[in-house]
Amino acid sequence: MPLRLTNTLSDRKEEFTPLTPGRVGVYVCGITVYDLPHIGHARFLVAFDTAVRFLRWSKLHVTYVRNWTDVDDKIIKRANERGEDPAVFSARYIEECKRDMAPLGVASADIEPKATEHVPEMIALIEKLGKGRPGWHIECSAMSQKYLGTTFDVHGGGKDLVFPHHENEIAQSEAASDQPLARFWLHNGFMTMDSEKMSKSLGNVRNIRDLLKSWDGESIRAFLLSTPYRHPISFNDMALADADGRVEYFYETLHKADVYLAAKKFSGRGAIEGPTRDAFREAMEDDLNTAQALAIVNELYKQLNANIDGKAAAQKVADLRAEVIDFGRVLGLGEREPIEAIRDRRSLAAHRKGIDLGWVEERIRERLAARKAKDFARADAIRAEVSAKGVELRDAATGTDWRVLP
RNA sequence: GGCACCGUAGCCAAGCGGUAAGGCAGGGGUCUGCAAAACCCCCAUUCGGCGGUUCGAUUCCGCCCGGUGCCUCCA
């Protein structure tokens with residue numbers, strides 16, 4: 001089945017074929033940098049990052065351009081309020097944005113043009129148009145044309161940009177070039193906060209940096225992918241906790257597989273040509289349905305667990321492991337070294353709940369001694385003690401591990 | 001007022017013409033000193049309501065009810 005994308009121009013799913021076979025040009029309207037990025041920014045960044053990952057997984061050569069709008073009235077106003085040079089101000093916020101995007105697995109685009117560095121191009125476009133006005137989204141018209149040509153494959157952005165930003169872009173670009181601007185227009189749906197609009201006046205804007213104090217960036221990404229990119233998505237702590245649990249499950253399973261394969265002294269490679277691969281591809285080909293893709297990945301993780309529990313052949317376990325890793329690369333989930341991810345995530349969770357790591361280790365040592373002495377009453381008392389603090393002890397043949405309860 | 005979108009099990013959420021994915025919660029089981037984790041089984045005769053089109057509708061059309069967004073250079 002070919003890739004089908006919902007094109008805002010026609011408001012329907014259309015079969016996607018690149019203008020130049022094998023190559024795709026993607027332009028996404030990026031962030032206007034006057035504050036820290038919020039969860040709504042995370043939504044579009046993750047959505048298009050995933051789209052690009054999938055195109056590349058599909059063996060297409062992608063040129064991904066995502067701009068930084070680093071000059072506009074809001075930026076100038078904000079910089080002036082702080083007595084700062086607008087250029088210095090916006091440059092700083094670009095760095096802050098990058099810092100917050102990294103934990104969400106959002107990679108840099110191939111080209112990240114800045115509006116301030118393309119003023120001559122904007123002026124040239126305006127001159128072509130006759131009477132023109134700086135602003136009116138001319139920056140995206142100028143930059144997309146420069147890096148991707150007058151007509152390119154995909155233009156993306158938030159739903160709010162359909163009008164007036166993208167209408168203006170089309171009007172001025174096409175007036176100047178007499179060619180269609182982009183063939184496919186993709187718009188991600190809005191993020192609401194508990195089904196309510198996220199806005200400064202309502203005081204419910206959540207920036208990524210604050211969220212990262214409590215949650216693993218990958219959990220935030222998993223939450224964002226749990227709904228198709230075009231649908232509205234409602235932010236709430238329970239949905240985030242669900243996503244966090246899913247990421248936990250992924251890494252626990254991967255780690256279990258690693259331990260299993262190491263015990264079997266398996267050093268081969270897994271093959272990734274299973275029937276599930278087709279199902280996964282079809283889900284993504286259906287307008288990048290990450291929710292469906294995630295369900296398929298989940299099913300595969302379950303199989304991986306079942307095979308380990310059932311003491312399956314190492315090759316079978318390695319195959320399944322290779323497959324979940326492969327799909328994970330498209331979704332940007334489960335890409336870290338499992339043991340490190342588990343450790344980092346546990347530290348974050350412990351910090352969130354105010355649990356002292358050293359204290360837990362000490363309790364585990366005490367309990368281990370009690371268990372060796374067959375003093376199970378004492379061992380259970382220690383379990384209850386740490387449990388009261390939100391820590392769960394997990395006994396295994398190799399020793400006692402622990403986790404922070406959700 | 002104009003224009004969109006949404007309403008699927010207790011909760012989150014796919015599917016959008018062929019007879020309801022997945023997750024959480026819940027119930028039962030295997031395993032376990034205890035406890036988890038993991039796995040297996042169960043959990044919507046039904047998709048806001050009423051009509052219509054169709055051999056067949058959660059999926060298309062109309063109306064109604066409920067929720068949200070845009071129409072101010074907010075992703």
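1. In what order do the four strands of the open sheet with parallel pairing stand? The order is S4-S3-S5-S6. Helices (H or I, at least four residues) and strands (E, at least two) are DSSP runs, numbered from the N terminus, and two strands pair if DSSP finds at least two bridges between them.

2. The model is predicted: local features need pLDDT of at least 70, side-chain atom pairs count only at pLDDT 80 or more, and totals for chains, interfaces and linings use all residues. Residues are numbered from 1 along each chain as its sequence is written, chains are lettered from A and ligands numbered from 1 in the order in which they are written, and side-chain values use heavy atoms, with hydrogens and water left out.

3. Strand S3 (residues 23–32) and strand S5 (residues 152–158) run parallel and are joined by three bridges. Val-26 is opposite Val-154 in S5. H1 lies across S3, S4, S5 and S6, at about 170° to S3.

4. A three-stranded open sheet has the order S8-S7-S9 and mixed pairing. Its edge strands are S8 (196–197) and S9 (233–235), each pairing on one side only. S7 (residues 191–193) and S8 run antiparallel, joined by two bridges; Thr-192 has Lys-197 in S8 as its bridge partner. Helix H1 (residues 39–57) packs on this sheet and touches S7 and S9, where contact means heavy atoms within 4.5 Å.

5. Chain A is assigned domain 1 (4–212), domain 2 (239–338) and domain 3 (355–404); the bounds come from an automatic or database domain assignment. Domain 1 brings 10 residues and domain 2 brings 17 residues to their contact.

6. Domain 1 and domain 2 bury about 1,200 Å² between them, 61% of it from carbon and sulfur atoms. Buried area is the accessible area (1.4 Å probe) that two parts lose on being put together, summed over both. Arg-53, Phe-54 and Trp-57 supply 54% of the area that domain 1 buries against domain 2.

7. Two salt bridges are counted between domain 1 and domain 2 (a side-chain nitrogen of Lys or Arg within 4 Å of a carboxyl oxygen of Asp or Glu). Arg-53 forms a salt bridge with Glu-335, with the closest N and O atoms 3.2 Å apart.

Note on methods:
Axes are lines fitted to C-alpha atoms, for helices over the stretch in contact, and angles run from 0 to 180 degrees between N-to-C directions.
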